[in-house]
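Please look over the sequence and the structure before reading on.

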Amino acid sequence: MVLVKDEFGVFHIVMIIKRSRSLISLCLVATLSLPSLSYANVSRVDSIELPDIGTVAGSTLTIDQERIYGDAYMRMLRSSKPIINDPVINEYIDIIGHRLVAHADDVKTPFTFFMIRDRNINAFAFFGGYIALHSGLLLHAQSESELASVMAHEIAHVTQRHLARSMEEQARRSPATIAALAGSLLLAIAAPQAGIAAITATTAGSMQSQINYTRSNEKEADRFGIATLAKAGFDVQAMPRFFGRLADEYRYASTPPPMLLTHPLPEDRITDSRARAQQYPEVRVPPSLNYHLARSRVVARYAGISSDAALDWFNRTQKKSQENLTDAFDYGKALVYLDTKQYQQAEPLLQALLKSNPDNNFYLDAMTDLLIETKRTHDAEQLLAQALQQKPNNAVLLINYANALFKGEKYAEAIRLLQRYTHDNPNDSNGWSLLAEANHHQGNEPEELAARAELLALGANWNKAIQFYTQASQRATLGSLEQARYDARIDQLMVQRERFLSLK
């Protein structure tokens, strides 16, 4: 197989296969990947004829059940995928995601957006409003609207309950076919290449049915997605522009892989998306500095390239970019210098950026890191304390402030801050990790064990989490409030474990 590589060495053809862990209702996670890229057939939702794809899946799963599946699958992902736990990146994609959700129809679940460190272009949605983005999206999308077009499509997969509908469709098939597909999907999770090979061996009729049904879902997600994109104030032309550019990259691939043959990206889909986008009034969206800052952060820290290659990318790309995006490239260079301990080169760049925009969290985060690395923790604390006066509940600033207190050996203060932070942000592993370390330095073993137990639970390591809480309870003062809290949490984790295991 020969594919076109970009300058990051990325193969863009991806097929992600996910599962719901029920005996009779395994399904493919709704994905955006080159083999099944189909963001065409988009138009105004109030004037379109949507494909007839059956019920709203009420007979298969309730919304509450979808959220249980989503939580379980998210825990599995944390333990198996390189999820990027970067507070600044997470804040950025969360802002874009919820801006879109605020303008989407049929929203019935909360949404969670996160990024996986993977240079392949991909995104996927699964139960409970979870939307995963590969870091490769930011390497190749050239604007915030292009990124938003992908996210809007995935949001539509959730709001239109496409996974539940897929389960309902599969439930109509014969037990033998379901068993064959279930075995293939289970294998694909453990060994993707072997699993894909097994799926291609599944009966042709069953697979064709799945492909056709997926295409129907894609059409509906395209249509709702582009309507959401327009209502949220993004450039709808970004959708066909992004997909057209990707299609051009593979036009001359000598041997398309099997998955591209079964999930093609025909020209008529891109043409249709262009036509539908033209039905909306033209909106001139200025370049988003924060998008380009996020992109620079991915290039500098998550692209898997050398520091010299990253600096070369910033220099080359800056020459082709608008002058008002210079700050984004300076920021990227500063991160490279910071990460390679070239602090004298990083500091003047960050000082200039912070002077121009003192409230920008990208800059505050980087300057805090630099001050800590150069043993100026007190300056870092002051910088963040001042920023928190303007944004007192901002998660990026709070976790940075806690880290500055920790690095300054102010463990008690850090613990007080982190106790509140982890209460408000219970799914952020950064908070639990820092809380565990701070309690370790304070010699508070029960609280350290409790924090580490929460980290284990986030990754569905229930037995170990319960073990750690049990040890914390044994070390706590008999009859104390701490012991009662640990015991109550053990009961909660046991319930969660049983619910998780019941999905297998």
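How many salt bridges does the structure hold? The structure, which is a predicted model, holds 19 salt bridges. Several of them are described below, after an outline of the chain.

## Overview of the chain

The chain has 504 residues, of which 56% are buried. Its secondary structure consists of 23 helices and four strands. Among the contacts in the chain with a separation of 6 or more, 69% are made by residues 24 or more positions apart.

## Confidence of the model

The mean pLDDT of the chain is 80, and 74% of the residues reach 70 or more.

## Salt bridge between Lys 231 and Asp 105

The side chains of Lys 231 and Asp 105 form a salt bridge, with 3.3 Å from N to O. Lys 231 belongs to helix α8, which covers residues 204-231, while Asp 105 is in the loop between α2 (87-101) and β2 (112-116); the pair therefore ties together parts that are 126 residues apart in sequence.

Are the two partners buried, partly exposed or exposed? Lys 231 has a relative accessible area of 42% and is partly exposed. Asp 105 is also partly exposed, its relative accessible area being 29%.

## An exposed pair and a network

Another salt bridge joins Arg 284 to Glu 282, and the closest N and O atoms of this pair are 3.6 Å apart. Both Arg 284 and Glu 282 are exposed.

Which residues are linked in a network of salt bridges? The network consists of Glu 146, Asp 235, Arg 241 and Arg 245.

## Helices α20 and α21

How do the axes of α20 and α21 cross? They come within 8 Å of each other and cross at roughly 160°. An angle over 145 degrees counts as roughly antiparallel, and α20 is therefore roughly antiparallel to α21. The crossing of α20 past α21 is left-handed.

Residues on both helices take part in the meeting of α20 and α21. On α20 they include Trp 432, Leu 435, Ala 436, Glu 437, Asn 439 and His 440. On α21 they include Glu 447, Glu 448, Ala 451, Arg 452, Leu 455 and Leu 458.

A salt bridge connects the side chains of Glu 437 and Arg 452, at 2.9 Å from N to O. Glu 437 is partly exposed, with a relative accessible area of 30%. Arg 452 likewise counts as partly exposed, at 25% relative accessibility.

Helix α21 also contains Glu 448. Is Glu 448 buried or exposed? With a relative accessible area of 15%, Glu 448 is buried, since buried means under 20%. Leaving aside residues up to four places away in sequence, Glu 448 touches Ala 436, Asn 439 and His 440.

How values were computed:
Residues numbered from 1 in each chain as written. Heavy atoms only, no water. pLDDT = per-residue confidence, 0-100. Salt bridge = Lys/Arg side-chain N within 4 Å of Asp/Glu carboxyl O. Helix = DSSP H or I, 4+ residues; strand = E, 2+ residues; numbered from the N terminus. Buried < 20%, exposed > 50% of the residue type's maximum accessible area, 1.4 Å probe, protein only. Axes fitted to C-alpha atoms, helices over the stretch in contact; angles between N-to-C directions. Parallel < 35°, antiparallel > 145°, perpendicular 65-115°, else oblique. Left-handed = near helix turned anticlockwise from the far one by under 90°. Contact = heavy atoms within 4.5 Å.
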